[in-house]
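Here is a short briefing on one protein structure. Look at the chain first, then work through the points below.

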Amino acid sequence: MASSSSSLLCNLGLLVVAMAIARAGAVFRPTPWSTAHATFYGDESASETMGGACGYGNLFSTGYGTNTAALSSVLFNDGFGCGSCYQIRCTGASACYRGSPIITVTATNLCPPNWAQPSDNGGWCNPPRVHFDMSKPAFMKIADWHAGIVPRGGIRFLLQGNGYWLLAFVMNVGGGGDVARMWVKGSNTGWISMSQNWGASYQAFSRLGGQSLSFKIMSYTTSNTIIASDVAPSNWNVGLTYEATVNFH
């Protein structure tokens with residue numbers, strides 16, 4: 001099985017479109033294009049894609065080569081998805097190659113769920129997400145593998161805490177997908193440095209209720225800093241997620 005936690009080298013959450021071959025009577029016909037997401041695992045040799053949950057063994061000797069993908073469980077369908085052919089092209093992200101070239105891949109493996117991570121931040125293959133964990137050689141034919149996470153939309157902040165403590169869980173981060181430092185600013189305060197609580201969660205011990213909130217985020221990979229102004233309105237509530245209009249690229 002493909003492992004999103006150990007062998008995944010680049011968590012690229014691109015918008016892709018896929019076309020599966022479906023049976024219509026006795027004739028196979030392509031389905032319409034639909035939206036999906038893609039990552040890759042392994043390296044240029046595709047050695048980590050050999051074997052897999054479909055039992056094809058050495059993919060070179062069995063004729064599949066490197067144009068393969070592991071399917072999220074909704075596509076894998078308890079193994080009935082093995083051998084399915086998909087056409088995939090990358091659209092809607094700066095990492096996509098010009099002209100959105102199309103690649104055809106065969107399903108040879110399962111990308112298992114990662115229940116410890118949300119489906120938009122690490123648990124890419126969690127149900128009900130339609131996701132392809134491609135071999136790196138296949139992925140490199142449609143997009144730049146250096147891109148990191150290329151999400152749709154801006155950075156998202158899930159807010160928790162109380163009147164004296166703000167906890168922000170950061171999601172949908174573009175670029176390298178990581179965060180080195182964060183600051184928060186209320187409409188009545190200056191910038192307040194936030195400390196890391198755990199993982200992608202940052203906290204500030206300040207009274208910020210009743211104020212609109214802005215965040216400043218520094219990327220760990222590039223040290224670039226962006227400001228997400230007025231992400232949460234003055235009547236923000238804990239338990240809700242607020243989306244910025246900016247993101248790393």
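Buried means under 20% relative accessible area, exposed means over 50%, and partly exposed lies in between (1.4 Å probe, protein chains only). By that rule Tyr64, at 27% relative accessibility, counts as partly exposed. This is a predicted model: local features need pLDDT of at least 70, side-chain atom pairs count only at pLDDT 80 or more, and totals for chains, interfaces and linings use all residues. Residues are numbered from 1 along each chain as its sequence is written, and side-chain values use heavy atoms, with hydrogens and water left out.

**Disulfides**

- A disulfide is a pair of cysteine sulfur atoms within 2.5 Å. The structure has three of them.
- Cys54 and Cys82 form one, with sulfur atoms 2.0 Å apart. The torsion about their S-S bond is about -85 degrees, so this disulfide is left-handed.
- Cys54 sits in the loop between β3 and β4 (68-71), and Cys82 in the loop between α1 (73-76) and β5 (85-91), so the bond ties together parts 28 residues apart in sequence. Helices (H or I, at least four residues) and strands (E, at least two) are DSSP runs, numbered from the N terminus.
- Cys54 is buried at 17% relative accessibility.
- Cys90 is joined to Cys96, S to S 2.0 Å. With a torsion of about -60 degrees, the disulfide of Cys90 and Cys96 is left-handed.
- Cys90 is buried, with a relative accessible area of 1%. Cys96 is buried too, at 14%.
- Cys111 is joined to Cys125, S to S 2.0 Å. Their link is right-handed, with 90 degrees about the S-S bond.
- Both Cys111 and Cys125 are buried.
- Number the bonded cysteines of the protein chain in sequence order, and the pairing reads 1-2, 3-4, 5-6.
- Cys85 is partly exposed, with a relative accessible area of 32%.

**Aromatic rings**

- Rings of Phe, Tyr and Trp (its six-membered ring) pair if their centres lie within 6.5 Å; planes under 30 degrees apart count as stacked, over 60 as edge-to-face, and the rest as tilted. This rule gives four aromatic pairs.
- Phe40 and Phe139 make a tilted pair, 5.2 Å centre to centre with 50 degrees between the planes. The pair links distant parts of the chain: Phe40 is in strand β3 (residues 34-41) and Phe139 in helix α2 (residues 136-139), 99 residues apart.
- Both Phe40 and Phe139 are buried.
- The ring centres of Tyr56 and Tyr64 are 4.6 Å apart and their planes are at 40 degrees, so this pair is tilted.

**A charge over rings**

- A charge sits over a ring if NZ of Lys or CZ of Arg is within 6 Å of the ring centre and within 35 degrees of the ring normal.
- The charged end of Lys216 sits over the ring of Trp183, 4.9 Å from its centre. The charged end of Lys216 also sits over the ring of Trp191, 5.0 Å from its centre.

**Nonpolar cores**

- A nonpolar core is a set of buried Ala, Val, Leu, Ile, Met, Phe, Trp, Tyr and Cys residues joined through side-chain atoms within 4.5 Å.
- The largest core has 25 residues; Phe157, Leu159, Met182, Phe215 and Ile217 touch the most other members.
- Elements giving two or more residues to this core include β8 (156-162), β10 (181-186) and β14 (225-232). Strand β14 gives the most, with four residues.
- Apart from this core lies another, of 23 residues, among them Ala36, Phe76, Met134 and Ala138.
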